[in-house]
Amino acid sequence: CVECMACSDNVVRAGLTPKFKDKETLCAMLDFTPTSPTDRIFKATQNSPIEVFDPPVSDFTVAKLHLHGNDESEHHLPPSGGPSILILVRGEGRISNFDVSKGSVVFLAANATLKLRKKPGEFLLFR
C-alpha cells in the first residue's frame with residue numbers, strides 16, 4: 001500500500017497536535033452524504049505488468065510494477081510527463097546504472113525512459 005501526498009500549507013487540524021486546532025472550520029468542511037466505499041477507490045488500469053492508479057489530479061498518479069518469478073528479467077518503464085520518484089518495496093535488481101534493493105528510492109527525470117533488471121524473486125516497485 002502506498003499513499004501519495006503533495007506539499008501543502010492548507011491543513012485544518014482538529015486534534016493530536018500542539019499546533020492551532022480549528023474544529024469549527026473542520027466541521028463546516030465535512031460532508032456526511034452517504035456513499036459506497038467503492039466510489040472512493042480509484043480503479044487501476046492494467047498495462048501488463050504495470051498497474052496505473054490515475055485520479056483526477058495528475059500529481060497523484062501512482063504506477064505499480066509487481067513482478068514474480070525466479071528468473072532475472074529486464075523491463076522498461078514508459079516515460080512520464082513529469083519527474084518521478086521510484087520506491088522499491090520488495091526485491092532486488094538494477095535500475096539504469098544503480099543496484100537497488102528493498103527500501104531504495106530513485107529520482108527519475110521527466111520524460112526519461114527507465115530500464116530495470118530484476119533479480120530472481122518478487123519485485124515490487126512504485127512510481
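1. Basis. In this predicted model, local features need pLDDT of at least 70 and side-chain atom pairs count only at pLDDT 80 or more, while totals for chains, interfaces and linings use all residues. Residues are numbered from 1 along each chain as its sequence is written, and side-chain values use heavy atoms, with hydrogens and water left out.

2. Overall form. The C-alpha trace spans about 55 × 35 × 25 Å along its principal axes. Buried residues (under 20% relative accessible area, 1.4 Å probe, protein chains only) make up 22% of the 127 residues.

3. Nonpolar core. The largest such core, a set of buried Ala, Val, Leu, Ile, Met, Phe, Trp, Tyr and Cys residues joined through side-chain atoms within 4.5 Å, has 15 residues. L65, L77, I95, L116 and L125 have the most contacts inside this core. Strand β3 (62-67) is among the elements giving two or more residues, and its three residues form the largest share.

4. K118. This residue lies in strand β9 (residues 114-118). K118 is buried yet has no salt bridge, which would require a side-chain nitrogen of Lys or Arg within 4 Å of a carboxyl oxygen of Asp or Glu. The nearest side chain of opposite charge, D71, is 4.1 Å away. The side chain of K118 does reach the backbone oxygen of G69, at 2.9 Å.

Definitions and conventions:
Helices (H or I, at least four residues) and strands (E, at least two) are DSSP runs, numbered from the N terminus. Buried means under 20% relative accessible area, exposed over 50%, partly exposed in between (1.4 Å probe, protein chains only). Lys and Arg count as positive and Asp and Glu as negative; His and the chain ends are not counted. A polar contact is a pair of N or O atoms within 3.5 Å; within protein, one must be able to donate a hydrogen and the other to accept it, and residues adjacent in sequence count only if both atoms are side-chain atoms.
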